[in-house]
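Notebook open, structure loaded. I want to go from the overall fold to the core and then to the ligand.

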Amino acid sequence: MKHKTERRRRNQRFSLRARLDSFRYAFDGLITMIFEQHNARIHLVVTLAVLALGLLTGLESIEWMMVILAICLVWMAEAVNTALESLADAAVPETHELVAKAKDVAAAAVLIAAAFSVIVALWAFWPF
Ligand SMILES: Nc1ncnc2c1ncn2[C@@H]1O[C@H](COP(=O)(O)OP(=O)(O)OP(=O)(O)O)[C@@H](O)[C@H]1O
């Protein structure tokens, strides 16, 4: 709580330290996601594999742009999904119909991004 109050106080005025702290919190979030979320680990492996395949096959600029967009979309959707899951579990630890709905819809965001990625992958890598 003290940590939070201190952060709020510092955020009232612009400070480079506070901005750097914000980046650190965001990177902490990314690391937490990779360590705690099985799906994020799968995303990491797939991301590295796709980047390696892109280098091996020599994608064109437009293909790289779409591949990177797809990768970023999946990571963003997973991050929002993970954050929403944590918030829902903190706010309503017991089973609740609305929590189920919120989590299902948040998961749908990941599914949509993943479907887009598959389409981009087929377009960029097929035929080799
Ligand atoms: N508190 C809850 N109340 C009702 N239904 C829930 C609740 N928590 C989870 N669910 C249901 O279970 C599904 C899976 O939830 P969970 O939090 O395990 O997400 P997950 O993405 O499958 O897990 P993980 O993020 O660990 O891979 C949800 O989409 C929802 O339908």
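Terms before anything else: I take helices (H or I, at least four residues) and strands (E, at least two) as DSSP runs, numbered from the N terminus. Residues are numbered from 1 along each chain as its sequence is written. I'm looking at a predicted model, where local features need pLDDT of at least 70 and side-chain atom pairs count only at pLDDT 80 or more, while totals for chains, interfaces and linings use all residues.

**Fold.** I read the elements from the N terminus on as α-α-α-α-α. The tally is 5 helices and 0 strands. The chain is more spread out than a compact globule, because its radius of gyration is 18 Å, well over the 14 Å that the globule rule gives for 128 residues. (That radius is taken over C-alpha atoms, and the rule is 2.2 Å times the number of residues to the power 0.38.) I also took the box along the principal axes: the C-alpha atoms fill roughly 55 × 45 × 20 Å.

I call two residues in contact if their C-beta atoms, placed from the backbone, lie within 7 Å. Of the contacts with a separation of 6 or more, 67% are between residues 24 or more positions apart. Buried is 20 or more other C-beta atoms within 10 Å of a residue's own, exposed is 12 or fewer, and partly exposed is in between, again with C-beta atoms placed from the backbone. By that count 12% of the 128 residues are buried.

**Core.** Which residues make up the largest nonpolar core? I get V50, V67, A70, V74, A77, V110, A113, V120 and A124, 9 residues in all. Helix 4 (61–91) and helix 5 each give two or more residues to this core. A core here is a set of buried Ala, Val, Leu, Ile, Met, Phe, Trp, Tyr and Cys residues joined through C-beta atoms within 7 Å. Beyond its neighbours within four places in sequence, A77 touches A109, V110 and A113.

**A124.** I found A124 in helix 5. A124 counts as buried because 20 other C-beta atoms lie within 10 Å. Leaving aside neighbours within four places in sequence, its contacts are L59, E63, M66 and V67.

**Ligand.** Around the ligand I list Q37, H38, N39, E85, V92, T95, H96, V99, A100, K103, D104 and A107. A residue goes on that list if its C-beta atom, placed from the backbone, lies within 6 Å of the molecule. Helix 3 (38–57) and helix 5 (97–125) each supply at least two shell residues, and helix 5 gives the most, with 5.
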